[in-house]
Every structure is written in C-alpha cells, then in structure tokens.
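User: I'd like to learn how to read helix packing and nonpolar cores in a model. Could you walk me through an example?

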Amino acid sequence: MNPIQNLRQHITKDYLERLSNMALAAAGFSSGLIVLLVQAKGQAHYNEISVWSAILSLMLSLGGWQYFLPYILYGEKTYEHINLYLVAFLQVFIVLALFIAVCALVWKLMWCAGVALIVTGIGLVIFVVRHNWKVANYSGSQKA
C-alpha cells in the first residue's frame, strides 16, 4: 500500500478537525507576529522578511482552515475527495513560513540565537522526517 492510500484509510473527522484547528492556531500566531512587527516599526530587512513570511503563513493557514471545513461538514463520504498533496503542501509551507518569520525576528535581536534556532530547526526537521519514515516502515512490516 502506498503512503497516500495509507493516509486515506486513517482520515477521521477528529483528525480533520485537529488539522483545521491547527490551521486556525497558525493563522492566529501569524497575525500576532504581524501586529508585533507593525508595533516595532523597524526598518531592517529582517522585519520585511518576517512580515512577508507571517503574511504568507496567515493566508495559507486561513486557506487550509477553509479547505477542511466542507469535509468536516459533509463527513466521511467526502474524504476520498481530499487532495493529500495539497494538504501536505499547506502543512509544510505554513510551518516553513512561520519558521522563517520567527528566525528573522530572533536573528534581528541576537544573531547567534538566530543561528542556533536555524540549526536546531533543521536538526528537528531531519529527526521528524527520519522518525516518520521509521514508523511508516514499522507499520508496514506489522501488516505483512
């Protein structure tokens, strides 16, 4: 079974509601960053990077939230219609945009802390991807 089919089999209303709530939370966090940056009125290019990244994250988050609502509303009979590639795109780019916004802010405050955040963030991504692959392989071996 390919990973997409496996994901489709495990989609539940609860899972979609959590994804929708996470999208709203990311939108709120993005909005908070934008308000913070507007209040700071800084001219550094770090602020520009942060603002544009937060705006991108905000719009993608709101789009993701709206994407999930019809599936939650109409229920399981619509789950086959979910575009999991779009869901993956939204999840990756929302998190990436937020990460860039926060890194730019931290870098502006203290460059060494910004470097530490970037390095540990990349390390975390590597850890999570490897862990997900291991769990997927373990899950596949248990079914055989």
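Analyst: Happy to; we will take the helix pairs in turn and then the cores. Keep in mind that this is a predicted model.

User: How are two packed helices described?

Analyst: Two packed helices are described by the angle between their axes and the distance between those axes. Here, the axes of α2 and α3 come within 8 Å and cross at roughly 155 degrees. An angle over 145 degrees counts as roughly antiparallel, so α2 and α3 run roughly antiparallel to each other. Their crossing is left-handed, and the residues of this contact comprise 19 nonpolar, eight polar and two charged.

User: At what angle do α2 and α4 cross, and which residues meet?

Analyst: The axes of α2 and α4 cross at roughly 25 degrees and come within 11 Å. That makes α2 roughly parallel to α4, and α2 passes α4 in a left-handed crossing. On the α2 side the residues include Phe29, Leu33 and Leu37, while those of α4 include Ile94, Leu98 and Val102. By class, this contact has 13 nonpolar, two polar and no charged residues.

User: Which residues have the most contacts inside the largest nonpolar core?

Analyst: In soluble globular proteins, nonpolar side chains tend to be buried together. In this model the largest nonpolar core has 13 residues, and Leu33, Ala54, Ile94 and Leu98 have the most contacts inside it. At least two core residues come from each of α2 (13–40), α3 (45–74) and α4 (84–109). A second, separate core has 11 residues, among them Ile11, Leu19, Tyr67 and Phe68.

User: What is Leu33 in contact with, leaving aside its neighbours within four places in sequence?

Analyst: Leu33 is then in contact with Ala54, Leu98, Ala101, Val102 and Leu105.

Notes
Residues are numbered from 1 along each chain as its sequence is written. This is a predicted model: local features need pLDDT of at least 70, side-chain atom pairs count only at pLDDT 80 or more; totals for chains, interfaces and linings use all residues. Side-chain values use heavy atoms; hydrogens and water are left out. A nonpolar core is a set of buried Ala, Val, Leu, Ile, Met, Phe, Trp, Tyr and Cys residues joined through side-chain atoms within 4.5 Å. Buried means under 20% relative accessible area, exposed over 50%, partly exposed in between (1.4 Å probe, protein chains only). Helices (H or I, at least four residues) and strands (E, at least two) are DSSP runs, numbered from the N terminus. Contact means heavy atoms within 4.5 Å. Axes are lines fitted to C-alpha atoms, for helices over the stretch in contact, and angles run from 0 to 180 degrees between N-to-C directions. Angles under 35 degrees count as roughly parallel, over 145 as roughly antiparallel, 65 to 115 as roughly perpendicular and the rest as oblique. A crossing is left-handed if the near helix is turned anticlockwise from the far one by less than a right angle, and right-handed if clockwise. Ala, Val, Leu, Ile, Met, Phe, Trp, Tyr, Cys and Pro count as nonpolar, Asp, Glu, Lys and Arg as charged, and the others, Gly among them, as polar.
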